[in-house]
Amino acid sequence: MNTEILTIDDKSLMLAEKIIKGGGVVAFPTETVYGLAANAYDTAAVESIFAIKGRPNDNPLIVHVHEEYDISSLVSYIPEYAKLLAKAFLPGPLTMVYKSRCTVSTAVSCGGDTLAIRIPSHEGAQRFLKHVGLPIAAPSANVSKHVSPVTAIHVFDDLNGKIPLILDGGKCSGGIESTVLDCTGEVPCVLRSGLVTRDMIAAVAGSCDEYVLKDGERVRSPGIKYKHYSPKCQTALFDYDDRQSAFSLYKEKENAGVKVWLMCDSGVADESGCANVLDFGETEYEIAANLYDKLREGEQVAELIIAVAPKKQDGVMVGVMNRLKKACG
Ligand code: TXA
Ligand code: MG
């Protein structure tokens, strides 16, 4: 199969619609990462997403809809706090899990009785979703376990020959996947950290829990149990306070002839004296936006990436550290 990359316009949107309505899949941009889209009502199309990605079949997909879509056809109960959260943060990088009406294919939720809904803010994503008009099941558009894609080229690198079309909406501004929030209980509960932080949610909803997997317990968001975000080279991760050890390891490997790159924020980059640096910027939003891009850039050139964790560990950095540990830990 030939994989086309097209910028988003009326012509490419018509082609995307034709592919989706014909049971095929299309990659599209969102403000977090690129997604791999299929009609959520079409079981064969949804199943093909799992096959194309090599995704475990117990890890449910998020359903994406445009901002004017009435989700009451998809989910059966929306608590008051969820309405407040939707008003505050949507469209945006917050996925909300509700009781499902089971109207979309059961393949989306892997047979479960809940459904994750996301309304992305990316202009191209909104155009795509409005044009197609259907609820769209979409995971990140990478091969399972690899680093999530934040450019059309990243999608192409992973899925060339396996999908017909990538809608190119530029580099994703957010850079890490959406916050996944369980809205089925009395209090919302963060299942996956992201740019909408637990504190931001608590400020609107009154309180917010965070899911921690306990021994022997059934996983509420299967995605969190899998290895993820791994670049195709060796990696090491050091705490900010232990950065001198990272610099020493870098020198040692460099002297041994290893192609080694240091991945860190701008401050640490300046301090390190290392020649090969993957600099993910200064602010927490810059670091989130550049994380996957730098991991993908690094795996192209490095045999070993030595990452130094940012100093700040709260807020958006909870989500960044979660990914950094899975990628480099
Ligand atoms: O930012 C994002 O969320 C991106 C873009 C494309 O929208 N999508 C994304 O999808 O990251 P994926 O499939 O890579 O991750 C979806 C996560 C997984 O951890 C999955 O377990 C969880 O959402 N999830 C999906 N449906 C769920 C449900 N009904 N209950 C609990 N967790 C669910
Ligand atoms: Mg993913």
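Me: In β9, which residue is the bridge partner of Thr7?
Reply: Asp168 is the bridge partner of Thr7 in β9. Bear in mind that this is a predicted model.

Me: Which other strand pairs with β9, and over how many bridges?
Reply: Strand β2 (residues 26-28) pairs with β9 over two bridges. The sense is again parallel. Look for Ala27, whose bridge partner in β9 is Ile166.

Me: How should I picture side chains along a strand?
Reply: In a regular strand, side chains alternate between the two faces of the sheet.

Me: Now the open sheet. What is the order of its four strands?
Reply: Read across it as β13-β16-β14-β15, with parallel pairing. Next, find the edges. β13 (234-238) and β15 (277-279) each have a single partner strand, so one side of each is left without a neighbour in the sheet. Neighbouring strands are turned by 20° against each other on average, direction ignored.

Me: Which helix packs on this sheet, and which strands does it touch?
Reply: Helix α7 (residues 243-255) does, touching β13, β14 (260-264) and β16. The direction of α7 makes about 160° with that of β14.

Me: How many bridges join β13 to β16?
Reply: Five bridges join β13 to β16 (residues 304-308), and the two run parallel.

Me: Step back to the whole chain. Into which domains is the protein chain divided?
Reply: The division gives domain 1 (4-210) and domain 2 (234-328). Their C-alpha centres lie 29 Å apart. Domain 1 puts 23 residues into the contact, and domain 2 puts in 17 residues.

Me: How does one look for space in a model?
Reply: Rolling a probe the size of a water molecule over the atoms shows where empty space is left.

Me: Then take the second largest pocket. Why does it lie between the domains?
Reply: Check who supplies the lining. Domain 1 and domain 2 both give residues to the lining of the second largest pocket, so the pocket lies between them. About 240 Å³ of space lies in this pocket.

Me: Which residues lie nearest the centre of the second largest pocket?
Reply: Leu191, Ser193, Glu210, Tyr211 and Asn322 do, out of 15 lining residues. By kind, the lining divides into nine nonpolar, two polar and four charged residues.

Me: Which element gives the largest share of that lining?
Reply: α10 does, with six residues. Both β11 (189-192) and α10 (316-328) supply at least two lining residues each.

Me: What about phi of Cys102: positive or negative?
Reply: Phi of Cys102 is positive, near 60°, in a residue other than glycine. Cys102 lies in the loop between β6 and β7 (114-118).

Key: Residues are numbered from 1 along each chain as its sequence is written. Chains are lettered from A and ligands numbered from 1 in the order in which they are written. This is a predicted model: local features need pLDDT of at least 70, side-chain atom pairs count only at pLDDT 80 or more; totals for chains, interfaces and linings use all residues. Side-chain values use heavy atoms; hydrogens and water are left out. On a 1 Å grid over the protein atoms alone, a cavity is a set of points where a 1.4 Å probe fits but cannot get out, and a pocket is an open set with protein on both sides within 12 Å along at least five of seven lines; lining residues have an atom within 4 Å of a point. Grid points are joined across faces, edges and corners, and a volume is the space filled by probe spheres set on the points. Ala, Val, Leu, Ile, Met, Phe, Trp, Tyr, Cys and Pro count as nonpolar, Asp, Glu, Lys and Arg as charged, and the others, Gly among them, as polar. Domain bounds come from an automatic or database domain assignment. Two strands pair if DSSP finds at least two bridges between them. Axes are lines fitted to C-alpha atoms, for helices over the stretch in contact, and angles run from 0 to 180 degrees between N-to-C directions. Contact means heavy atoms within 4.5 Å.
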